[in-house]
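Student: Hi, could you walk me through a structure? I'd like to start with the strands.

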Amino acid sequence: MTYQNLTLETRGNVALITLNRPKALNALSSALMDELTDAVRAAEADDGVGAMVITGSDKAFAAGADIGELKAHDFARAYVENLISRNWEEPARARKPVIAAVAGYALGGGCELAMMCDFIIAADNAKFGQPEIRIGVVPGAGGTQRLTRFVGKSKAMEMCLTGRMMDAGEAERAGLASRVVPLADLVDEAVKTAQAIAELSRPAVMATKELVNTAYETTLSEGIRAERRLFHAMFSTADKDEGMAAFLEKREPDWKHR
Ligand code: CAA
């Protein structure tokens, strides 16, 4: 696929996807989301890639779904075309880790896209919000559900009901962003973090991601059982033998990713 609204590049074993629709502050048009779906699938399928970073511009990660496109939908079109479900959720489906590197606005669908990623590194100028209420609708790409899980009911309710934005410091304190870095360092820092993850044993990384996500989908006892099963399964990997031997021999491990 030829991309018009984003760039996809590899930096070492990291796929870096940069949303690039500057005239609309990276508003997430259907064309952009088709491209993002394709780019995430390409990174998933590339054996040389161990992790992904999704970022935007210094001014906007993404200012939400494209409001012009949404305005043209009625119920039947939204339902029949499977609006959002059709082409938004690939980052949440990816099995390799995906980091959102957020600078500037991450509003509405932009905040929701960031929350579909595994964690968010925020630049010091980042602003997060779910302003859909101000255009007469509700969040439609997981905002009411994921924001509540990230920051708790009180703050999520306030943000979704008022549309107020949260700055980077508040986002970090509330648990929405894992950490805040200077704007100038954002992409390098996110890629460095993704690189460090990509260099680890891939089965262990993918299983870890699956298990942390399981915590959001199930009861504690079922989650613990799932963790125990995969913990036991790790004892069948070559990387378990290598990782433990390397520790005991005081050397760096040579991961085989199997
Ligand atoms: N959709 C379409 N175009 C958008 C857009 C969006 N979500 N956000 C910004 N743009 C466009 C503007 O229309 C403008 O285009 P023109 O230059 O052609 O007029 C351009 O981007 C620059 O925007 P502004 O002039 O508004 O820039 P600003 O710096 O004054 O304000 C902003 C920035 C506060 C982010 C403001 O643009 C804004 O409020 N944007 C909309 C945010 C929003 O409501 N997002 C939720 C969308 S609905 C959604 O996402 C549903 C869902 O859950 C999936």
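Tutor: Here is a short chat about strands, then loops. This is a predicted model, where local features need pLDDT of at least 70, side-chain atom pairs count only at pLDDT 80 or more, and totals for chains, interfaces and linings use all residues. Residues are numbered from 1 along each chain as its sequence is written, and side-chain values use heavy atoms, leaving out hydrogens and water.

Student: Is β3 covered on one face or both faces?

Tutor: Both: A51, V53 and T55 on one side and M52 and I54 on the other are all buried, meaning under 20% relative accessible area (1.4 Å probe, protein chains only). Strands here are DSSP E runs of at least two residues, helices H or I runs of at least four, numbered from the N terminus.

Student: Which strands pair with β3?

Tutor: Strand β2 (residues 14-19) pairs with β3 in the parallel sense over five bridges; pairing takes at least two DSSP bridges. Strand β5 (residues 98-102) also runs parallel to β3, joined by four bridges.

Student: What does M52 face in each?

Tutor: A15 stands opposite M52, and in β5 the bridge partner is V98.

Student: New topic: where is N82?

Tutor: N82 lies in the loop between α3 (75-80) and α4 (90-93), with phi near 60 degrees, a positive value in a residue other than glycine. Most residues other than glycine have a negative phi.

Student: And I84, buried or exposed?

Tutor: I84 is buried, because its relative accessible area is 13%. I84 is found in the loop between α3 and α4, and phi of I84 is near 75 degrees.

Key:
Buried < 20%, exposed > 50% of the residue type's maximum accessible area, 1.4 Å probe, protein only.
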